[in-house]
Amino acid sequence: MDELIYKLKQEIIEALNLEDMTPEDIDENASLFGEGLGLDSIDALELIVLMEKNYGIKLQDPTQGKEIFKSVKVMAEFIQKNRTK
Amino acid sequence: MTDPIYITGCGVVSAIGLNKDESLNALLNNKSGVGPLAYLKTEHKEFPVGEVKLSDAEMRKLLGISENAITTRTALMGMLALDEAMKQAEITTEMLPEIGFVSGTTVGGMDMSEQFYLDYISNDAHKEYISVHDCGNCSEMTAKHFGNFAFVTTLSTACSSAANAIILGANMIRCGEAEIVIVGGSECITKFHLNGFNSLMILDTKPCRPFDATRNGLNLGEGAAYLVLESEKSVKKRNAKIQAVLSGYGNACDAFHQTASSPDGEGAYRAMKEALEMAGINTTEVDYINAHGTGTPNNDVSESQAMKRLFGDNVPPASSTKPFTGHTTSASGSIEAVFCILALQNGFLPVNLNYSQAMDDGIIPVHQSTKKDLKHILCNAFGFGGNDSSLLLSKFEQK
Amino acid sequence: MTNKEIYVLSAKQISIQQPLSEEWMTNPTLYDVPFSRSIDPSFKEYVSPIEARRMGKILKRALATSKEALKESGLETVDAIVTGTGYGCIENTEFFLDALSKEGEQLLKPTYFMQSTHNTISSLIAIQTKNHGYNATYAHKGISFDSALYDAYLQFKLNKINSALVGGHDEMTETFYHILRKGGVMGFDNEICGEAAISVVLSDKQENALCKLAGHKIIHQQGIDSLKEKVANFLQENGKTCSDIDLILTGISGYKENDEAYLSETKTLFGDRPLLKYKNLFGESFTASGIGFYVAAQCLKSGFVPKHLFVNEKDITDKKPNNILIFNRSDGTNYSLTLLEK
C-alpha cells in the first residue's frame with residue numbers, strides 16, 4: 001500500500017503539473033481539494049483520466065470523484081480495490 | 001438612450017435549416033435538428049449533435065466554389081449565412097468597399113488541422129491547409145467570397161464570439177467608422193472540441209434538457225449567422241427595410257473560473273443589466289429572454305440566478321433554443337439573435353424542448369407553443385472564462 | 001461621441017529581448033537563429049506555483065506583463081480588458097492535437113483543451129485581477145493586437161470606458177514554427193520568429209503617461225490608391241500633414257517580399273519620412289505589432305530612438321521625436337495606422 005501511495009503521489013504531481021512539489025510534500029491523509037492541496041474541479045477531471053490511463057478504472061460520473069479523491073490514501077485504497085491493470 | 005442600430009438583413013444556417021424560412025418552420029413546429037452523428041468523423045458516436053445537414057462538398061457546390069478550392073467548414077457555413085443576410089439587406093458587391101465585416105469563431109480551420117496534423121509534422125501532404133488554421137483566416141476567406149470589405153476582423157471569446165462581434169460592429173457604427181457593418185459568427189463541430197467538451201465531462205449522451213432537473217450536459221451543434229447592422233442615416237439614404245432594432249448590449253466578465261460559471265451569475269447579471277440600461281428599458285418591458293441555457297448543471301443554475309437577481313419575481317418568459325440546434329458555440333450569439341428576430345417578426349415564444357421537470361432554484365422555461373406579441377427580447381451568449389454578453393433586440397415600429 | 005483624449009500610462013513586454021525591461025534600447029540581445037522562444041522572467045512574483053499548475057507560458061507571460069503594466073499605471077482597476085492573439089494558446093492546442101492524433105479519442109486531458117481557446121488569456125487576467133468589466137479577445141492574423149486596440153479606442157470615443165488594459169500575446173513552439181514555415185505563413189528569408197507578450201494600460205488621465213494615443217485605424221486591402229486616400233484622411237483627421245510625422249515605425253522583418261512592399265508603399269504614402277523597424281530585435285509573430293506599439297511608446301517617453309531601429313543610416317538622429325506613426329502591414333491584406341504623440 002505504501003508503495004502505491006508513493007507512486008500515486010508521483011503520478012498526481014506529474015498529471016497536475018505541480019511543479020516544485022515532491023511526494024514528501026503531500027500528506028496522504030490531507031484533503032486533496034479545498035483546504036488541503038487546494039485542487040479544483042478540473043484537477044478532479046485530470047485525476048479521473050489518470051485513474052483510467054494508469055489503472056484501468058473508468059468513472060462515468062464526475063461527482064463520484066468527490067468521495068474517491070478525499071485524500072491520496074482514500075484514492076489509493078479505491079485503486080487497490082478496483083484496478084484492472 | 002442612444003442612437004438605434006438597425007438590422008436590415010440576416011441569414012442563418014444551423015441544424016434546423018439552411019435559411020430563415022426553414023429555421024422559422026422548425027421553431028414553430030418544435031422540430032429539433034439534433035440527432036445521431038452523420039458528418040463528423042469521430043469515435044464518439046454516443047453523443048447526439050446538431051449538424052448542418054450538408055457535407056462540405058455539397059456546400060461548395062451550393063456556393064459555386066470549385067471542388068479543389070482550399071476551404072474550411074466554418075468558412076463555408078459562414079458564406080451560406082452571409083449570402084442570405086446580404087440578399088435580404090440588398091447589399092451588393094459594389095457596396096462592400098464601404099462596409100465592415102466582423103466575425104466570431106474559435107475553431108477556425110481546426111477541422112482541417114485535426115485531420116492533417118500528423119502530415120503537418122512529418123511530410124508535405126496537405127501543407128496548403130496550414131495557412132487556414134487560424135481564426136482570422138476563416139473570416140478573410142468568408143469575406144473574400146463576396147468581395148472587398150473595408151474592414152475585417154475576428155472576435156474569439158469562445159461561445160460568446162458572435163455576440164461580441166455584434167457589439168463591436170454596433171460600436172463602429174456609433175463612432176461613425178462605418179454606416180454598415182455585417183456581424184455574426186460561424187463554427188463547425190470538430191473532433192477537437194467534441195473531445196475537449198467530453199474531457200470536461202459536460203456532453204450529454206441524450207438530447208440536452210436545459211433548465212430541467214434531469215439535465216446532464218450539452219449537445220454540440222454547428223452553424224453560422226450574420227446580421228447587417230446599419231445606421232439611421234444609411235437606412236434613410238438607401239431606403240432599406242428595417243427587420244429589427246439592436247437597442248442595447250452588454251458585455252461583462254464573470255471573472256470566476258476558466259470553465260465554470262459563478263453560482264450567483266455575476267457576469268450574466270451585469271451583461272443583461274447593461275443591455276437594458278443602454279436601451280433605457282425597464283425590466284418589466286422585456287417580453288422574452290433567449291437564454292444561453294446550455295443544459296450543463298452549472299450554466300443553468302448560474303443563469304437562472306442572474307435572471308432572478310435582475311428580474312426578481314417577474315422573470316419574463318425564457319427558453320433555450322439549444323435543444324433545436326445543439327450548442328453552436330462561437331456562432332450561438334448570432335444564430336440565436338436571428339431566432340429572436342424571427343420571434344419578434346412572427347410573434348411567438350420559442351419552446352424550450354425536452355423540458356419536463358423543474359430544477360432546484362431554476363427558472364421554468366417556456367415549454368408550450370405560445371403566440372405572443374413581442375417588443376423587446378434579451379438574447380444571452382456566455383463563453384468559457386466568463387465572457388458574458390447580452391443583446392437587446394427590439395421590434396421596429398414606425399414612428 | 002466624445003473627444004476624450006487617450007493616454008498610454010504604461011507598456012510592458014516579454015519577448016526575445018530582456019523581459020520587463022528596456023535594455024534593448026542600449027544593449028539589445030542579437031540572434032542569428034531563425035526562431036527563438038522568449039526570455040522569461042521568474043513568474044513566482046506574479047502567480048503562485050499552485051495557481052500556475054495549469055498555465056502555459058503564454059498565460060504566465062500575460063499575467064506578468066499585465067500586472068506590471070497595471071502597477072506602473074497607478075490604476076487599481078481598469079474598465080476593460082481587451083486582448084489580441086493570432087494563435088491563442090498554441091502550446092496547449094498542440095498538446096491536445098498531438099494526443100488526439102496519436103493516442104486517439106479516449107483519455108484526453110481537459111487542461112489542454114480548456115487552455116486552447118483564445119479567450120483564456122483575457123479571462124485569466126480578469127479572474128486574477130477580479131475584474132468584471134468589458135472583456136474581449138481578437139484573433140485576426142497580424143492585426144490581432146490592433147483589433148484589440150481598436151475595440152478599446154472606440155469605447156473611449158463612445159465614453160463607455162475611461163481606462164483599458166490592452167494586450168497582445170502569442171507564443172510559438174518549435175513544432176509549430178516548423179509547421180508555419182512549411183505552410184508559408186511565417187519564417188521566410190532572414191526573418192526571426194519570436195514570441196510576443198505585450199500589455200499596455202490606456203487611460204483618459206494624462207499623469208505620468210508615456211505618450212498619447214492620438215489616432216488609430218484599421219484598413220482592409222483595396223489597392224494602393226484606396227490606401228493612399230485612407231492614409232491621407234487619417235492624417236487630416238488628426239490635424240497632420242505627412243511632413244508633421246517625425247518617424248514611421250514599420251514591420252520590416254528581413255523577409256524580402258515583405259520588406260520591399262514596406263519600402264515601396266511607405267514611399268508612396270509618406271514620401272521620404274524616416275523609417276524605423278523593430279522586428280529585427282523582437283522577431284515576427286502575429287502580435288508583433290503590439291511590440292511595435294510598445295517600442296514607439298518607450299521611444300517617445302525617453303526621447304531616445306536607438307540607432308539600431310533606423311532603417312536607413314542617413315535618417316539616424318539624436319532629435320527627440322514628437323510623434324511616431326506605426327504603419328502595420330499584415331500580409332498586404334490588412335493595414336493599421338496608430339499615431340502616438342508625446
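This is a predicted model: local features need pLDDT of at least 70, side-chain atom pairs count only at pLDDT 80 or more; totals for chains, interfaces and linings use all residues.
Reader: What about chain B against chain A? How many residues are in contact there?

Author: Five residues of chain B are in contact with four residues of chain A. On the chain B side, three are nonpolar, two are polar and none is charged.

Reader: Chain A, then. What is its mean pLDDT?

Author: The mean pLDDT of chain A is 89. 100% of its residues reach 70 or more.

Reader: Which elements of chain A mark the lowest and highest mean pLDDT?

Author: Helix H3 (residues 65-68) of chain A has the lowest, 84. Helix H4 (residues 72-82) of chain A has the highest, 94.

Reader: Back to chain B. Where do its domains run?

Author: Domain 1 of chain B covers 5-238, and domain 2 covers 247-394. Their C-alpha centres lie 21 Å apart.

Reader: How many residues are in contact between them?

Author: 61 residues of domain 1 of chain B are in contact with 54 residues of domain 2 of chain B.

Reader: Which elements supply at least two residues on the domain 1 side?

Author: Strand S1 (5-14), helix H1 (20-28), H6, strand S4 (180-187) and strand S5 (223-230) of chain B. The largest share, seven residues, comes from H6(B). By class, the domain 1 side has 32 nonpolar, 22 polar and seven charged residues.

Reader: Let's look at Ala170(B). Which helix is it in?

Author: Ala170(B) sits in helix H6 of chain B.

Reader: Buried or exposed, and why?

Author: Ala170(B) counts as buried because it has 27 C-beta neighbours inside 10 Å. The cut-off for buried is 20 or more.

Reader: What does Ala170(B) touch, leaving out residues up to four places away in sequence?

Author: Ala170(B) touches Ile5(B), Leu229(B), Leu246(B) and Tyr249(B).

Reader: How far is Ala170(B) from Ile180(B) in space?

Author: 9.1 Å, C-alpha to C-alpha. Ala170(B) and Ile180(B) are ten residues apart in sequence.

Reader: Now the largest nonpolar core. Which members touch the most others?

Author: Ile166(B), Ala225(B), Leu227(B), Leu229(B), Leu393(B), Val8(C) and Leu202(C). That core has 264 residues. Helix H3 (residues 73-89) of chain B gives the most to it, ten residues.

Reader: Take Ala225(B). What is it in contact with, beyond neighbours within four places in sequence?

Author: Its contacts include Cys10(B), Gly11(B), Val12(B) and Ala81(B). Also among the contacts of Ala225(B) are Ala162(B), Gly184(B), Ala331(B) and Ile335(B).

Reader: Over to chain C. What is its secondary structure?

Author: Chain C has ten helices and ten strands.

Reader: How compact is chain C?

Author: Chain C is as compact as a globular protein of its length, because its radius of gyration is 19 Å, close to the 20 Å that the globule rule gives for 342 residues. Its C-alpha trace spans about 60 × 45 × 40 Å along the principal axes.

Reader: What percentage of chain C counts as buried?

Author: 58% of its 342 residues. Among contacts in chain C between residues at least 6 apart in sequence, 79% join residues at least 24 apart.

Reader: What are the domains of chain C?

Author: Domain 1 (6-203) and domain 2 (212-341). Their C-alpha centres lie 22 Å apart. The contact takes 45 residues from domain 1 of chain C and 31 residues from domain 2 of chain C.

Reader: Which elements of chain C supply at least two residues on the domain 1 side?

Author: Strand S1 (6-14), helix H5 (144-157), strand S4 (163-170) and strand S5 (196-203) of chain C. H5(C) provides the largest share, seven residues. By class, the domain 1 side of chain C has 23 nonpolar, 15 polar and seven charged residues.

Conventions:
Residues are numbered from 1 along each chain as its sequence is written. Chains are lettered from A and ligands numbered from 1 in the order in which they are written. Domain bounds come from an automatic or database domain assignment. Two residues are in contact if their C-beta atoms, placed from the backbone, lie within 7 Å. Helices (H or I, at least four residues) and strands (E, at least two) are DSSP runs, numbered from the N terminus. Ala, Val, Leu, Ile, Met, Phe, Trp, Tyr, Cys and Pro count as nonpolar, Asp, Glu, Lys and Arg as charged, and the others, Gly among them, as polar. pLDDT is the predictor's confidence in each residue, from 0 to 100. The radius of gyration is taken over C-alpha atoms; the globule rule is 2.2 Å times the number of residues to the power 0.38. A residue is buried if 20 or more other C-beta atoms lie within 10 Å of its own, exposed if 12 or fewer, and partly exposed in between; C-beta atoms are placed from the backbone. A nonpolar core is a set of buried Ala, Val, Leu, Ile, Met, Phe, Trp, Tyr and Cys residues joined through C-beta atoms within 7 Å.
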